[in-house]
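Biologist: Can you walk me through this one? I would like to go chain by chain and ask as we go.

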Amino acid sequence: MTDDISPVAAALAARGRKVYPFIVNEFFDLGNKAIFAIGFRAAVKAEDDAAIIEAHRYAHEVARSAGDAAEAARKDVDLLTDAKTIEALWRVCRRVDLDPKDPTDLDKAKETIYPAFATPGWMRKTLTTDQIAVLLNLYIEVKRKESRGRREVTDEHVEKLATVCQAHAGDDIPEAILADYPREILTAVVIQFALKLADARASVEVLLAQSEAIATGDAAAQSVSSPE
Amino acid sequence: MLAFEQPPGDLPPARLFRALLQRRPERTLAYRIPSAEDFALRVRALRAAEIGLLLDAADEGVEELRGSRVSTALLARVLWTGDAPTFRSADELGGMDGDDVGQLWSEALQALGRICPTYALSDSTAWVRALEAGAREPSNLHDAFVLALCVDHGTGAVTPRPDRYWGCSPAELLDGHWMIWRAARAVYLAATKTQ
């Protein structure tokens with residue numbers, strides 16, 4: 001531990017970061033030198049932020065050199081999104097050393113300090129869209145593994161979220177809150193909302209049936225529709 | 001900054017009053033940072049100008065990361081462990097998982113919402129009303145009256161001097177201190193008027 005950083009930062013630095021190896025040789029046959037396996041680790045906040053900054057820098061450079069198309073390039077959301085993806089993947093994809101006797105035994109794979117690819121620029125020039133998509137899917141899988149159990153979607157959480165979204169339906173507060181949610185958590189929240197909506201609709205139907213039965217004096221219907 | 005708007009509905013007014021009566025109100029977080037679970041965390045209220053400075057500084061740089069800069073800068077300022085700031089700079093939060101920073105930010109905002117009302121971000125009328133209810137509680141009356149009597153009397157004028165209660169420079173007061181002084185003063189004036 002060093003005095004230059006806080007004890008909490010030292011604990012974070014000492015924790016180690018798990019690298020998840022995947023066999024990818026079916027997808028990465030680069031110039032007859034296939035990449036057999038790539039390790040992925042979950043990005044830390046500084047890497048996420050650095051990827052965004054570098055992506056903006058790249059998109060700015062492209063726009064500057066685009067001549068007549070500079071304005072269109074500056075407004076092109078896809079250009080920036082693709083740049084962010086590549087920058088992020090370059091930071092999380094790590095070279096792994098495999099057991100020479102059995103390279104398919106990923107339990108024996110050892111992480112290295114090196115990135116799997118030379119630079120983000122190299123990735124842009126060399127990898128196909130499909131190869132980038134493979135990397136992205138594997139990284140999403142790693143994020144899912146790492147985030148399991150970190151954010152549980154509790155009923156209380158969903159209720160609070162519903163209250164805030166309803167109260168601020170006309171402004172950008174729901175957008176600001178939900179922007180931080182990973183896709184799988186958003187999916188869980190939407191499912192919870194759907195279940196609550198179905199419950200509410202069912203309750204309304206029961207109440208309507210009861211009220212109709214009371215109005216018509218139908219005792220049998222009242223007893224049937226009543227949970228008691 | 002949603003959490004600052006209204007006084008917390010689930011905190012009894014008497015406890016809310018006592019929470020804001022601290023020199024620098026603090027609240028302990030139940031949340032622990034993954035991989036640093038041994039370190040207990042507290043949030044400490046900031047002055048409105050301190051929050052404003054952080055927001056101003058966050059304006060520089062890539063616009064998309066403004067929210068990220070606000071959250072990490074504020075977390076680095078409000079979080080305390082033992083008698084020292086938990087992080088020495090916002091950069092240290094860069095070593096955390098992004099989702100964990102989001103969770104920590106959410107927990108810290110919730111806690112700040114209980115101890116750090118500001119005139120810029122809060123419904124101060126609602127806060128003062130809640131604090132008045134807290135000041136009327138018998139357990140708080142002594143402090144409420146002592147605080148209410150922190151004034152200078154001039155010719156036809158009463159100048160608030162809440163700084164005397166906390167023994168600090170007026171410049172060090174929090175917005176919450178002004179709100180709690182106004183609440184205490186209102187309760188004191190109402191009580192002495194009826195006697």
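Modeller: What follows is a short talk through domains, sheets and helix contacts in a predicted model.

Biologist: Start with chain A. Which domains does the assignment give?

Modeller: For chain A, the domain assignment gives domain 1 (7-147) and domain 2 (155-225).

Biologist: How many Å separate the centres of domain 1 of chain A and domain 2 of chain A?

Modeller: The centres, taken over C-alpha atoms, are separated by 40 Å.

Biologist: What order do the four strands of the open sheet in chain A take?

Modeller: The order is S1-S4-S5-S6 in chain A, and the pairing is antiparallel. Strand S1 (20-23) and strand S6 (110-115) of chain A are at the edges, and each has a single partner strand, so one side of each has no neighbour in the sheet. From one strand to the next, the twist averages 45 degrees.

Biologist: How many bridges are there between S5(A) and S6(A)?

Modeller: Three bridges join strand S5 (residues 93-97) of chain A to S6(A), in the antiparallel sense. Asp97(A) has Lys110(A) in S6(A) as its bridge partner.

Biologist: And which helices sit against that sheet?

Modeller: Helix H4 (residues 77-92) of chain A lies across strand S4 (37-40), S5 and S6 of chain A, and runs at about 30 degrees to S5(A). Helix H6 (residues 129-147) of chain A also packs on the sheet, where it touches S1, S4 and S5 of chain A. The direction of H6(A) makes about 145 degrees with that of S1(A).

Biologist: At what angle do the axes of H4(A) and H6(A) cross?

Modeller: They cross at roughly 60 degrees, and the axes come within 11 Å. That angle makes H4(A) oblique to H6(A). The crossing of the two helices is left-handed.

Biologist: Which residues meet there?

Modeller: From H4(A), Thr85(A), Ile86(A), Leu89(A) and Val92(A) meet Ile132(A), Leu135(A), Leu136(A) and Tyr139(A) in H6(A). Sorted by class, the contact of H4(A) with H6(A) has seven nonpolar, one polar and no charged residues.

Biologist: Change of topic: chain B. What are its domains?

Modeller: The domain assignment of chain B gives domain 1 (26-115) and domain 2 (124-194). Their centres, taken over C-alpha atoms, are 30 Å apart. Six residues from domain 1 of chain B and six residues from domain 2 of chain B take part in the contact.

Biologist: Where do S1 and S4 of chain B stand in their sheet?

Modeller: First the sheet itself: four strands of chain B form an open sheet in the order S1-S2-S3-S4, with antiparallel pairing. Strand S1 (26-29) and strand S4 (84-85) of chain B stand at the edges with a single partner strand each, so one side of each is left without a neighbour in the sheet. S1(B) is joined by four bridges to strand S2 (residues 41-44) of chain B, and the two run antiparallel. In S2(B), Val43(B) is the bridge partner of Arg27(B).

Biologist: Which helices pack on that one?

Modeller: Helix H3 (residues 66-78) of chain B packs on the sheet and touches S2 and strand S3 (79-81) of chain B, with its direction at about 35 degrees to that of S3(B). Helix H4 (residues 98-115) of chain B packs on the sheet too, touching S1, S2 and S3 of chain B, and its direction makes about 145 degrees with that of S1(B).

Biologist: I also see a hairpin. How many residues are between S5(B) and S6(B)?

Modeller: Two residues lie between S5(B) and S6(B) in that hairpin, and Gly156(B) in the turn has a positive phi of about 70 degrees. Strand S5 (residues 151-154) and strand S6 (residues 157-160) of chain B pair in the antiparallel sense over four bridges. Gly154(B) stands opposite Ala157(B) in S6(B).

Biologist: Last topic, H1 of chain B. How does it cross H5(B)?

Modeller: The axes of helix H1 (residues 13-20) and helix H5 (residues 124-136) of chain B come within 7 Å and cross at roughly 100 degrees. That makes H1(B) roughly perpendicular to H5(B). The contact of H1(B) with H5(B) has 10 nonpolar, one polar and no charged residues.

Biologist: At what angle do H1(B) and H6(B) pack?

Modeller: H1(B) and helix H6 (residues 138-148) of chain B pack at about 35 degrees, with their axes 10 Å apart. Ala14(B), Phe17(B) and Arg18(B) in H1(B) meet Ser139(B), Asn140(B) and Ala144(B) in H6(B). By class, that contact has three nonpolar, two polar and one charged residues.

Definitions and conventions: Residues are numbered from 1 along each chain as its sequence is written. Chains are lettered from A and ligands numbered from 1 in the order in which they are written. This is a predicted model: local features need pLDDT of at least 70, side-chain atom pairs count only at pLDDT 80 or more; totals for chains, interfaces and linings use all residues. Side-chain values use heavy atoms; hydrogens and water are left out. Axes are lines fitted to C-alpha atoms, for helices over the stretch in contact, and angles run from 0 to 180 degrees between N-to-C directions. Angles under 35 degrees count as roughly parallel, over 145 as roughly antiparallel, 65 to 115 as roughly perpendicular and the rest as oblique. Ala, Val, Leu, Ile, Met, Phe, Trp, Tyr, Cys and Pro count as nonpolar, Asp, Glu, Lys and Arg as charged, and the others, Gly among them, as polar. Two strands pair if DSSP finds at least two bridges between them. Contact means heavy atoms within 4.5 Å. Domain bounds come from an automatic or database domain assignment. A crossing is left-handed if the near helix is turned anticlockwise from the far one by less than a right angle, and right-handed if clockwise.
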